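Hello,

Here is the structure I promised to pass on to you. Please open it first, and then read my notes below alongside it.

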Amino acid sequence: MSTALFTDHYELTMVEAAMSSGTADRRCVFELFPRRLPEGRRYGVVAGTGRVLDAVENFHFTDEEISFLEKSGVVGPRMAQWLSNYRFTGSIHGYAEGDLYFPGSPLLTVEGTFAEACVLETLLLSIYNHDSAIASAASRMVMMAEGRSIIEMGSRRTHEESAVAAARAAWIAGFGPTSNLAAGIRYGVPTSGTAAHAFTLLHDSEEDAFRAQLAAYGEKTTLLVDTYNIENAVRTAVRLTEGRLGAVRIDSGDLSIVARQVRDLLDDLGATTTRIIVTSDLDEWQIAALRGAPVDGFGVGTSVVTGSGAPTCSFVYKLVARALSDDPDAELLPVAKKSSHKNTVGGRKYAVRRIGSDGVATAEVVGVGQQPTADADDRNLIVPLIIDGDVVGREPVEAARQRHRDAITELPIAGRRISRGDQAIPTIMVKQGDGGADTVLGASLS
């Protein structure tokens, strides 16, 4: 499916006006980056890269779309002709999916003609802002779960396509299975699901409902025990399985207290291996509060698919360098905004994560105009994604999931706290000085 109209109107008007001024084919560098983290957050998670690669590959204008744009007066004949032949032939570099980011991190660098790179703005921002917000929230929840499984079950709380992307992003950040079947077939995310209260209410008795589910899925299934009376339900479930039930799910009440009561009852009845899963509008704060409770797993819906209070990362896409002429080899001139509170730093950026001898990150070092000086322990953060129009950075979702696991281990202890605080490590902007050494540009971000 074409992704070309996932575009704001003004991008096409800019390109058409640039054609009139003779600057549309001028080589440019755009960057996608965060100015800040959501208030109180200590790090963010890069997600959406794989979806962006697919979307850029499918960014072309169909005859129907071009006809719509012409009839609507959005573009004229010359622009329509250009759109009919559009394919991105430039190059994109950026942070690998699953890695962490901080304010000022150059997450994507898009190099091409002004026209080619300009029209990608909304598509890139919409995917990265959504998916990274979900992954960032999910990562905090996984950290608070301390190794216990978390099921993603938020599909009914968001747009149907957002639900699929959210399941993918949550998986990258360390969640377990999703309830979303589309995420399973598209991205290979494991899926899971048992039964809701409606299934119990369908039957003449709770016991009949349990018998039906056990007959269909065996003793390792998870039975929902809070439709009527939790104690009676647990006793029935244990009796029907002779203590071999896989898990019970609790979806109401004071989860900490109820989980302890259910654990004691299960143990008293001999069902010592039966796990306890809790759901009910959980977020990272509630998961943290349940760390001392006998809970074996969590189901999270609304909070994860809405970014747990931060549904966007507020990424921006800005022009940072432009050629002095249409000559493909023309020198690139750094450009920057001077607007109050929205200023930018001109020039193409490169980044490394400064890692101490103990394997812990100490800074995000962003070089302006060239790669910052790094030592053997530092980790380069920029990888090629698209080169001369060809996708080179596609990888399995599991690779991004593993990368996230590895990146989290680099965080200092303070960066893993759920309490509000500053970013886990400072972002330091540097530029090569006259003597060849890196010179810090102004105050570092922290």
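**Helices H10 and H11**

The crossing in which H10 passes H11 is right-handed. From H10, the residues that take part are Glu206, Glu207, Phe210, Arg211 and Leu214, and they meet Ala233, Thr236, Ala237, Arg239, Leu240 and Thr241 in H11. Sorted by class, this contact holds 5 nonpolar, 2 polar and 4 charged residues.

**The whole chain**

Please keep in mind that this is a predicted model. The protein has 446 residues, and 52% of them count as buried. Its secondary structure comes to 15 helices and 19 strands. The C-alpha trace spans about 80 × 55 × 35 Å along its principal axes. If we take the contacts with a separation of 6 or more, 71% of them are between residues 24 or more positions apart.

An unreviewed UniProt entry gives residues 5–128 as "domain: Nicotinate phosphoribosyltransferase N-terminal". Over residues 5–128 the chain is 42% helix and 19% strand, with 17 Å between the end C-alpha atoms.

How are H1 and H4 oriented to each other? Helix H1 (residues 9–21) and helix H4 (residues 77–84) pack at an angle of about 110°, and their axes are 10 Å apart. Because angles of 65 to 115 degrees count as roughly perpendicular, H1 is roughly perpendicular to H4. Their crossing is right-handed. On the H1 side you will find Leu12, Val15, Glu16, Met19 and Ser20, which meet Arg78, Met79, Trp82 and Leu83 in H4. The residues of this contact divide into 6 nonpolar, 1 polar and 2 charged.

The other pair is H6 and H7, which pack at an angle of about 45° with their axes 8 Å apart. H6 and H7 are therefore oblique to each other. H6 passes H7 in a right-handed crossing. In this pair His130, Asp131, Ile134, Ala135 and Ala138 of H6 meet Ser162, Ala165, Ala166, Arg168, Ala169 and Ala170 of H7. By class, the residues of the contact are 7 nonpolar, 2 polar and 2 charged.

**A covered helix**

Next, have a look at helix H2 (residues 49–57), which is mostly covered, with 7 of its 9 residues buried. Which residues of H2 are buried? They are Thr49, Gly50, Arg51, Val52, Leu53, Ala55 and Val56.

**Two loop residues with positive phi**

Most residues other than glycine have a negative phi. With that in mind, two places deserve a look. Glu146 has a positive phi of about 50° although it is not a glycine. You will find Glu146 in the loop between H6 and strand S6 (149–152). Is Glu146 buried or exposed? Its relative accessibility is 53%, so Glu146 counts as exposed.

Asp281 is another residue that is not a glycine and has a positive phi of about 50°. Asp281 sits in the loop between strand S9 (275–278) and helix H13 (284–289). Asp281 has 59% relative accessibility and therefore counts as exposed.

**Towards the end of the chain**

Finally, look for Leu445 in the segment after strand S19 (438–440). At 34% relative accessibility, Leu445 counts as partly exposed. What does Leu445 touch, not counting residues up to four places away in sequence? Its contacts are Pro103, Gly104, Gln423, Pro426 and Thr427. Of these, Pro426 is 19 residues from Leu445 in sequence, and the C-alpha to C-alpha distance between Leu445 and Pro426 is 5.5 Å.

Enjoy exploring it, and write back whenever you like.

Best wishes

How values were computed. Residues numbered from 1 in each chain as written. Predicted model: local features only at pLDDT ≥ 70, side-chain atom pairs only at ≥ 80, totals over all residues. Heavy atoms only, no water. UniProt positions renumbered as here; feature names shortened; annotations may be inferred. Helix = DSSP H or I, 4+ residues; strand = E, 2+ residues; numbered from the N terminus. Left-handed = near helix turned anticlockwise from the far one by under 90°. Contact = heavy atoms within 4.5 Å. Nonpolar A, V, L, I, M, F, W, Y, C, P; charged D, E, K, R; others polar. Buried < 20%, exposed > 50% of the residue type's maximum accessible area, 1.4 Å probe, protein only. Axes fitted to C-alpha atoms, helices over the stretch in contact; angles between N-to-C directions. Parallel < 35°, antiparallel > 145°, perpendicular 65-115°, else oblique.
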